Amino acid sequence: MKQLSFVEYFVSNPDVWILSHDGYITDESGIRSGQTKAAQIKRGYGKNVIPQTGALSAVRKIFLDVALPIPDNIIGHDLWIHKLASFFPNRKAQLKESLQDIRRHSSNTSEWIVNKHKKILVN
């Protein structure tokens with residue numbers, strides 16, 4: 001089955017405002033580690049979800065008219081946009097496929113365990 005691009009998905013699903021997908025974790029050279037963000041979340045937190053980050057999402061402009069401006073007291077604009085979309089039935093969709101690489105450098109400051117190259121091991 002052919003994998004749909006974001007544009008094709010949006011054209012086929014005009015009611016969807018925000019679309020997210022999974023991503024492959026790579027090292028700073030762009031070499032895939034064999035891990036995806038969703039797989040790391042499942043192993044680390046037991047949740048079978050597609051990540052809700054800005055890098056792994058596309059948003060229709062019509063939704064930005066609702067979501068913006070982001071209130072000053074909000075920490076994490078990605079979470080704000082995804083959470084807000086959850087209040088509108090059938091406006092949010094997720095693809096299980098990994099459609100891009102997430103390059104992680106040795107100097108990245110994010111310490112979230114699901115961003116690591118190594119597979120999270122659960123005891």
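This is a predicted model: local features need pLDDT of at least 70, side-chain atom pairs count only at pLDDT 80 or more; totals for chains, interfaces and linings use all residues.

Student: What does the chain's secondary structure come to, and in what pattern along the sequence?

Tutor: There are four helices and four strands, and along the sequence they run α-β-β-α-β-α-α-β.

Student: What makes Thr36 count as buried?

Tutor: Its relative accessibility is 15%, and the cut-off for buried is under 20%. The value falls under that limit, so Thr36 counts as buried. Thr36 sits in strand 2, residues 32-36. Across the chain, buried residues make up 32% of the 123 residues.

Student: And which residues is Thr36 in contact with, leaving aside its neighbours within four places in sequence?

Tutor: Asp22, Gly23, Tyr24, Ile25 and Ser98. For Ile25, 11 residues away along the chain, the C-alpha separation from Thr36 is 5.5 Å.

Student: How do you know that the Thr36 side chain makes a polar contact with the backbone nitrogen of Ala39?

Tutor: A polar atom of the Thr36 side chain lies 3.1 Å from that nitrogen.

Student: Why is the Asp65 and Lys61 pair called a salt bridge?

Tutor: The N to O distance between the two side chains is 3.2 Å. The label needs a Lys or Arg side-chain nitrogen within 4 Å of an Asp or Glu carboxyl oxygen, so this pair qualifies. The structure holds one salt bridge.

Student: Where do Asp65 and Lys61 lie, and are they buried or exposed?

Tutor: Both are in helix 3, residues 61-67, four residues apart, about one turn of the helix. Asp65 and Lys61 are exposed. As background, an α-helix has 3.6 residues a turn, so residues three or four places apart point the same way.

Student: Now helix 4. Which of its residues are buried, and how do you know that they line one face?

Tutor: In helix 4, residues 77-86, the buried ones are Ile81, His82, Leu84 and Ala85. Looking down the helix axis, they fall within an arc of 160°, so they line one face of helix 4.

Student: What does that buried side pack against, and which exposed residues are on the face turned away?

Tutor: The buried residues of helix 4 pack against strand 1 (18-26), strand 3 (57-59), helix 3 and strand 4 (92-103). Turned away from the buried side are the exposed residues Leu79 and Lys83.

Conventions
Residues are numbered from 1 along each chain as its sequence is written. Side-chain values use heavy atoms; hydrogens and water are left out. Helices (H or I, at least four residues) and strands (E, at least two) are DSSP runs, numbered from the N terminus. Buried means under 20% relative accessible area, exposed over 50%, partly exposed in between (1.4 Å probe, protein chains only). The arc is that of the directions from the helix axis to the C-beta atoms. Contact means heavy atoms within 4.5 Å. A polar contact is a pair of N or O atoms within 3.5 Å; within protein, one must be able to donate a hydrogen and the other to accept it, and residues adjacent in sequence count only if both atoms are side-chain atoms.
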